[in-house]
Amino acid sequence: MQKVNYYLKKTTLILLLFSLTTFSANSQGKFSINGYVKDASTGEVLIGATIYPKELQIGAATNSYGYYTLNLPKGNYTLTISYIGYSNFEINIVVDKDLHINAELNPESTQIGEVVISREKANANVTRPEMSVVKLEMKKIRQIPALMGEVDVIKAIQLLPGVINAAEGSSGFSVRGGATDHNLILLDEATVYNASHLMGFFSVFNNDAIKDVKLYKGDMPASMGGRLASVLDIRMKEGNSKQFSATGGIGNLSSRLTLEAPIVKDKCSFMLSGRRTYIDVFFPLFNNEDLESSTMYFYDLNAKVNYTLNNNNRIFISGYFGRDKFGSGAMGFGFGNKTFTTRWNHIFGHNLFMNATLLRSNYNYFLESNTNDANAFKWDSEMKETSLKVDFNLKANTNHNLKFGVSTSLLTF
């Protein structure tokens with residue numbers, strides 16, 4: 001046994017020294033280009049924007065926080081930054097030291113043109129680091145015909161290949177034969193345990209507050225904990241850091257309002273979004289005693305604040321609060337979710353990016369009967385999760401990214 005432990009330690013040491021030697025050899029004579037890519041009109045970071053020099057056949061993409069890093073040898077380059085639906089950003093740079101370059105892309109208006117049929121490269125499914133991943137843009141989701149005028153992220157997910165609805169009209173979904181509880185649903189990295197409203201007809205996600213939607217149908221990242229079937233990663237807007245803006249709508253079942261504004265222009269902004277049904281407001285108009293004593297509504301509240309301390313540090317605080325309540329006479333029941341996320345992004349040097357996150361999720365429901373006799377009861381159930389995780393992203397060289405981290409969770413039932 002001692003011999004086995006000795007050889008394991010020796011092998012680990014050799015692999016570590018080999019990795020450090022490889023990293024050192026690849027880094028010599030190269031400089032780091034890094035920064036953030038944002039929307040010029042709102043200040044929102046752009047996830048998945050591409051950055052590449054025209055002179056070389058290499059490039060990089062922004063991560064979930066809009067940050068990129070690219071290693072280039074010494075020389076003169078034309079750096080191009082692009083994103084779908086935005087005008088390209090180009091800048092001539094002289095690479096003789098590490099550079100920090102932030103870019104703001106302007107949305108471009110497009111006209112309907114000719115139909116273009118294209119396909120991926122033959123080896124795209126091999127060279128791409130993510131497999132079975134579908135990214136949805138909120139602009140496209142809003143164009144999908146909606147049930148009763150309510151645009152729904154989960155309903156859009158159900159239209160994808162390999163995904164079906166768990167039951168007709170419900171907001172649950174099944175991925176490649178898995179059950180609904182085999183899916184991990186994240187909102188700003190916090191777990192949402194029940195993603196439905198109104199007994200499953202609508203999801204808890206207000207489309208006005210959502211920025212990015214990504215579904216992992218396979219090869220789920222270890223950093224997300226994982227589930228048997230899929231991971232649905234949803235990110236909220238960060239708030240317009242340029243100017244005040246308000247959006248909203250009045251629907252058949254609910255109305256919504258979203259406010260965004262800078263607190264300190266280009267440094268600190270907030271987003272506040274609310275939604276509520278109002279069918280219960282009309283119950284007294286029916287002159288029915290049962291309806292007058294009935295309760296039926298749901299509401300959502302999304303809030304987020306972000307603050308850029310400097311080029312190397314950003315702080316995000318976000319939360320979600322939602323509840324459904326139903327009742328008639330002495331009987332009643334309800335359920336709701338609460339999530340809270342605090343994140344700190346920090347750049348060590350130029351090649352190492354860190355994200356530290358404190359998460360809090362709470363799901364609870366109750367069932368009660370106020371009959372004022374021996375049969376009266378109240379059932380309360382609650383589940384809480386508190387998590388702390390630290391993720392690192394190391395740009396080892398042009399062709400290799402190394403992601404590592406640690407997480408811990410406390411579950412209370």
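## Basis of the model

Contact here means that heavy atoms lie within 4.5 Å. This is a predicted model, in which local features need pLDDT of at least 70 and side-chain atom pairs count only at pLDDT 80 or more, while totals for chains, interfaces and linings use all residues. Residues are numbered from 1 along each chain as its sequence is written, and side-chain values use heavy atoms, with hydrogens and water left out.

## The chain as a whole

The chain holds 5 helices and 26 strands. Both are DSSP runs numbered from the N terminus, with helices (H or I) of at least four residues and strands (E) of at least two. Of the 413 residues in the chain, 44% are buried. Buried means under 20% relative accessible area, exposed means over 50%, and partly exposed is in between, with a 1.4 Å probe and protein chains only.

The accessible surface of the chain is about 22600 Å², and carbon and sulfur atoms account for 58% of it. Such areas come from the Shrake-Rupley method with a 1.4 Å probe, and for residues only the protein chains shown count as cover. Among contacts between residues at least 6 apart in sequence, 57% join residues at least 24 apart.

Strands of a sheet pair through backbone hydrogen bonds, either parallel or antiparallel. Two strands are taken as paired if DSSP finds at least two bridges between them.

β1 runs antiparallel to strand β4 (residues 67–73), and 7 bridges join them. In this pairing, S32 stands opposite N71 of β4. With strand β7 (residues 99–100), β1 pairs in the parallel sense over 2 bridges, and N34 stands opposite H100 there. Strand β8 (residues 103–105) also pairs with β1 in the parallel sense, over 3 bridges; here K38 stands opposite E104.

## The sheet from β18 to β26

An open sheet of 9 strands has the order β18-β19-β20-β21-β22-β23-β24-β25-β26, and its pairing is antiparallel. β18 (245–250) and β26 are at the edges with a single partner strand each, so one side of each has no neighbour in the sheet. From one strand to the next, the twist averages 10°. For such angles, axes are lines fitted to C-alpha atoms, for helices over the stretch in contact, and the angles run from 0 to 180 degrees between N-to-C directions.

β18 and strand β19 (residues 254–264) run antiparallel and are joined by 6 bridges. T247 has T258 in β19 as its bridge partner. The loop between β19 and β20 (268–277) contains D266. D266 has a phi near 65°, a positive value in a residue other than glycine. Its relative accessibility is 38%, so D266 counts as partly exposed.

## Aromatic rings

The structure holds 7 aromatic pairs. Rings of Phe, Tyr and Trp (its six-membered ring) pair if their centres lie within 6.5 Å; planes under 30 degrees apart count as stacked, over 60 as edge-to-face and the rest as tilted. The ring centres of F392 and F404 are 5.2 Å apart and their planes meet at 15°, so this pair is stacked. F392 belongs to strand β25 (residues 377–397) and F404 to strand β26 (residues 400–412), so the pair ties together parts that are 12 residues apart in sequence. F404 is partly exposed, at a relative accessible area of 39%.

Y36, Y65, Y67 and F353 are linked by ring pairs into a cluster. R314 lies over the face of Y36, 5.5 Å from the ring centre. Elsewhere, R276 lies over the face of Y297 at 4.5 Å from the ring centre. A charge sits over a ring if NZ of Lys or CZ of Arg is within 6 Å of the ring centre and within 35 degrees of the ring normal.

## R343 and E189

R343 is in strand β23 (residues 331–348). With a relative accessibility of 3%, R343 counts as buried. Leaving aside residues up to four places away in sequence, R343 touches Y65, D188, E189, R235, K304, R314, I315, F316, N355, A356 and T357.

One of these, E189, is in the loop between β12 (183–187) and β13 (190–191). E189 has a positive phi of about 75° although it is not a glycine. At 6% relative accessibility, E189 also counts as buried.
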